[in-house]
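Please read the points below alongside the coordinates.

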Amino acid sequence: TWTTGNDYQVFNDLSEGIYYIKEVSAPAGYVINDSLESFTIDEENPNVEVSFKNKKTVVKLGKVDVSTGKYIAGATLKLSRVDGGMEDITFISEDKATVFRGLAAGSYILEEISAPAGYVGNDSNITFDIDAAGNTKNVALKSEFISISVQNKQLHIDTNGVSGYEFQLLSIDNQLIDTYKVSKN
């Protein structure tokens with residue numbers, strides 16, 4: 001067992017025979033290559049070179065419209081590690097996923113800093129893990145869900161018991177009809 005560096009690992013005086021090499025861990029930000037490589041040392045092949053190719057981890061992030069399932073441009077999002085092991089990355093969502101390559105295995109938090117125009121911010125934090133194989137697993141979604149609906153010609157706003165929100169009801173020509181503040185009763 002050895003850890004790679006910038007140069008080749010050289011093994012001298014190997015006996016003739018068939019050998020196998022398997023990667024047991026990948027460098028940070030890369031997906032482990034779980035293939036088993038074999039090579040033969042004999043009179044015809046006294047020197048053999050074996051190399052492993054690793055792909056970088058790939059994570060796709062963004063804000064999605066809950067009703068259409070499509071990505072929404074304009075949200076300010078922040079990506080950070082739970083253990084603080086990287087500098088936070090703040091980015092603006094696009095109408096497609098934002099791709100991050102080379103994130104090391106570990107636990108991450110995706111936080112919405114501000115919602116795009118026309119959308120309500122949900123103060124959500126999504127925690128997810130990246131494992132050694134480059135797979136992501138959603139661990140938790142913490143959010144203050146807001147529901148706005150019209151029933152029997154009445155406007156209903158449900159902020160799931162959270163106060164401090166303010167909404168404006170506008171006419172089709174963008175004229176203010178009324179302002180609603182949500183406070184605890």
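1. Strands β1 (17–22) and β2 (36–41) each contribute at least two residues to the lining of the largest pocket, and the largest share, 4 residues, comes from β1. Strands here are DSSP runs of E of at least two residues, numbered from the N terminus. A pocket is an open set of points on a 1 Å grid over the protein atoms alone, where a 1.4 Å probe fits and protein lies on both sides within 12 Å along at least five of seven lines, and lining residues have an atom within 4 Å of a point.

2. The space in this largest pocket is about 1300 Å³. Its lining has 34 residues, of which Trp-2, Gln-9, Phe-11, Ile-21 and Val-50 are the closest to the centre.

3. The model is predicted, with local features requiring pLDDT of at least 70 and side-chain atom pairs counting only at pLDDT 80 or more, while totals for chains, interfaces and linings use all residues. Residues are numbered from 1 along each chain as its sequence is written, and side-chain values use heavy atoms, with hydrogens and water left out.

4. Beyond four places in sequence, Phe-52 touches (heavy atoms within 4.5 Å) residues including Ile-21, Lys-22 and Asn-33.

5. Mean pLDDT (the predictor's confidence in each residue, from 0 to 100) is 82 for the protein chain, but strand β11 (residues 136–142) has the lowest confidence, at a mean of 55. Where pLDDT is low, the predicted coordinates should not be read in detail.

Definitions and conventions
Grid points are joined across faces, edges and corners, and a volume is the space filled by probe spheres set on the points.
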